[in-house]
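Subject: Structure for your files

Hello,

Here is the structure you were to receive, followed by notes on what was found in it. Please keep the two together.

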Amino acid sequence: MTTLSDVKVVLKRHWGYDDFLPLQERAIESVLSGRDSIVILPTGGGKSICFQAPAVALPGMAIVVSPLISLMKDQIDSLIECGIPAARIDSSQSTRERDAIVERIIKRELKLLYISPERFASDGFIRFLQGVDISLIAIDEAHCVSMWGHDFRPEYRRLGRLKESFPGVSVHAYTATATEHVRRDIALQLHLKDPEMLIGSFDRPNLIYRVQRRSNTLRQVRGVLDRHRDESVIIYCIRRADVDELCASLIQKGYRAAPYHAGMSAEERKNSQDAFIEEQVDIIVATVAFGMGIDKSNVRAVIHTGMPKSLEHYQQESGRAGRDGLEAECLLFWSGGDYGIWKSIMSNTESDQARDIALTKLNAMYDYCTGLTCRHHSLVNYFGQDLEGTNCGACDVCLGEIGSMDGSLEIAQKILSCVVRLHERFDADYTAAVLSGSRDHRILERKHDHLSTYGLLSDLPKSTTRDWIEQLVGQGYLEKAGDFNVLHVTERGWRVLHGEEVPNLLKPAEQHIRTSKVAADSWEGVDHGLFEALRGLRRKLALKKSVPSYIVFSDAALRDMARRRPSTVDGFLQVSGVGRAKAEQYGDIFVDAILRYCHDYSLSMDVVVPQRGASAHKEKRSTLNLARLTAYGLFAQGISVEEVARKVERAPSTVVEYLISYISKEGLTEASPWVDERSFDRIVKVAAARDANLIGPIYRALGGEVSYDQIKISIAVLQNRER
Ligand code: ADP
Ligand code: ZN
């Protein structure tokens, strides 16, 4: 009988994880007890472990049905990296490839076999599998079976015959789509027998949601990208033309970006997608056509440059951020115009009823954008769940970033009157420069430094003023005109100048982007520089093996390495996300890189990190330190304090401390070669006479002829003699 603790051993051995995530345990228990189940967990909730780990622990081979070849490939690559024999059978393979896999099945070599649903059309294939010892059947992306889902696949309907064809085997369905309709459909279409229904929380606590009005797409997007330098980011645009334009502008500004939309050829799309997955580019700019089948776990931000048409879409697209459980950001830039665009698209195409439903969804989306309730709460409520607590600590509302500046009116008046003083003949950039008191020669030549509005906002960065100008344009108080985007004050703008209307200016970005608690926790104790160095190493190894970086190690595993900084392969195995197969394959090379980095930057190593959930205040204790270790080796060769100090680049006083602990650790009873014999004898005598090992009195008794360091070293030796 395979038990939960057997599966836990497997989890540690192959994946290097100490514990199950919420709901994984119950999902695995239902596999072990042979009861059919439907497991609903959001993206990143850890669905695959729910069937992969028991498949390894149970005798026989598991069948996994998955709709996309790219998804299957990804999972199989990951499994193989974890030392688990897995393979797939799908329509893209040659007969020879397929025969080779059939051979391995017959030899009982495989623990998991991934199959595309259309294979079940073949009776011969089913008969073949009936002769194999099957441990369980997992249906991934099970919502594909339902017409009510967003991704119906007719081939999935064939899966209904699995229950009859394999009567003794339990079937388990996994999806991130939660609606009642889809759930019922899954049970019905797959002919599940009294399935256990396991529904996880739909909240994604590691995602930080922010919603902002769009004023200048490029600048706002760059603001986000600059917080995620060298990290993977997805940018969604509503239209193809926007994709091309934004992508080109970003590349021109030096960002590594690639476009993706349905107007490109299949090959161009594949190139962009591969470049993103293999991290040759950091950013993918795409329409919503991008994303299905992308399992990239370390996407650190998802930016929408326009409002999606429903919260279902938003949840799904933004959900591609932070699948590895680390903090990630979801930014939505919207404008009132987006609503109009969607509405007109809807009115053109669909039936009355469909249009009503679409409009209801669009309204909910709009409410989300304009609302001032916690984003996590809003999303989860929309999907029919509740969330505990009031402050999520991970959205713009709860972080207190929303809301207008105190003194919005006054600031707006300063900006608008500057535009008036400039006779409405200059653009936003120039106006901001005048307001911030720039000494630009153009300003001086035109004597604009004599204007009464010159330098009125000089206590703030120019970029902040620049943002506010855009906000005033966005809210219709200013207007840009002509080829040069010259600013004009509108009629509404004049109302502001007369104090009859108050615009809504947001707090300056630099000030309002705070770090969420999630981010602070996941970086706790992590050396950023080392993390970056390990990322570089991971990329090199991944390229060499032609697998995506996140399959070699997740970002979470790299952070834990940069936190623990193991000096041995054994220590490396303690890292969360490092199982045996990976330690064998990569242990030496990563430990070596860690050693070198810690040596170069004098970082302590083998830091003890308590297990998750052990205590809120994580104790950080360093047991070993590279300089110290090196010094010990040199002491063993009898090298002098001064010499060692030079070699390990430490102050002699520090090296004396090392030496003293070395002496007591090794139990040395001789002070030579660090203290000459004559001095040592004198110290021994004085110490014996005083019956106390106090340094000061000994120093004075010897008339200052023997140094403090020599006395300290000698006392350490004497203490060993007393033992
Ligand atoms: P889903 O398929 O639900 O989107 P995945 O199976 O891709 O989720 O898992 C998401 C991430 O969580 C992966 O990086 C995975 O390695 C990690 N993970 C899964 N189970 C655990 C666990 N028990 N402990 C720590 N990390 C886990
Ligand atoms: Zn919140």
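A residue counts as buried under 20% relative accessible area, as exposed over 50% and as partly exposed in between, using a 1.4 Å probe and protein chains only. By that rule Asp36, at a relative accessible area of 2%, is buried.

This is a predicted model, in which local features need pLDDT of at least 70, side-chain atom pairs count only at pLDDT 80 or more, and totals for chains, interfaces and linings use all residues. Residues are numbered from 1 along each chain as its sequence is written, chains are lettered from A and ligands numbered from 1 in the order in which they are written, and side-chain values use heavy atoms, with hydrogens and water left out.

Overall

The protein chain has 723 residues, and 51% of them count as buried. Its C-alpha atoms fill a box of roughly 105 × 90 × 45 Å along the principal axes. The secondary structure comes to 33 helices and 17 strands; these are DSSP runs (helices H or I, at least four residues; strands E, at least two), numbered from the N terminus. The chain is divided into domain 1 (4-199), domain 2 (207-382) and domain 3 (408-497), with bounds from an automatic or database domain assignment. Between the C-alpha centres of domain 2 and domain 3 the distance is 32 Å.

Asp36

Asp36 sits in the loop between helix H2 (24-32) and strand E1 (37-40). Its side chain makes a polar contact with the side chain of Lys163 at 3.0 Å, and the Asp36 side chain also reaches the backbone nitrogen of Lys193 at 2.8 Å. A polar contact here is a pair of N or O atoms within 3.5 Å; within protein, one must be able to donate a hydrogen and the other to accept it, and residues adjacent in sequence count only if both atoms are side-chain atoms. Leaving aside residues up to four places away in sequence, Asp36 touches several residues, including Ser170, His172 and Pro195; contact means heavy atoms within 4.5 Å.

Ligand 1

Ligand 1 is surrounded by 14 residues, and the closest are Tyr17, Asp19, Gly44, Ser48 and Arg323. A residue is included if one of its heavy atoms lies within 4 Å of the ligand. A backbone N or O atom of Asp19 is 2.7 Å from a nitrogen atom of ligand 1, and an N or O atom in the side chain of Gln24 is 2.9 Å from a nitrogen atom of ligand 1. On the oxygen side, a polar side-chain atom of Arg323 lies 2.7 Å from an oxygen atom of ligand 1.

Zinc ion (ligand 2)

Which residues hold the zinc ion as protein donors? They are Cys374, Cys392, Cys395 and Cys398, each through SG, at 2.2 to 2.4 Å. Donors are N, O and S atoms within 2.8 Å of the metal (3.2 Å for Na, K and Ca); water is not among the atoms, so sites may look incomplete. In sequence the donor residues are spaced C-x17-C-x2-C-x2-C. The arrangement is tetrahedral because the four donor atoms subtend angles of 104 to 117 degrees, and four donors count as tetrahedral if all angles lie between 85 and 135 degrees. Cys398 is buried at 18% relative accessibility, whereas Cys392 is partly exposed at 27%.

Backbone

The peptide bond from Ser672 to Pro673 is cis, with omega near 10 degrees. Pro673 lies in the loop between helix H30 (652-666) and helix H31 (677-690).

Regards

Terms used. Four donors count as tetrahedral if all angles lie between 85 and 135 degrees; four count as square planar and six as octahedral if opposite donors are over 155 degrees apart and all others between 65 and 115; anything else is irregular.
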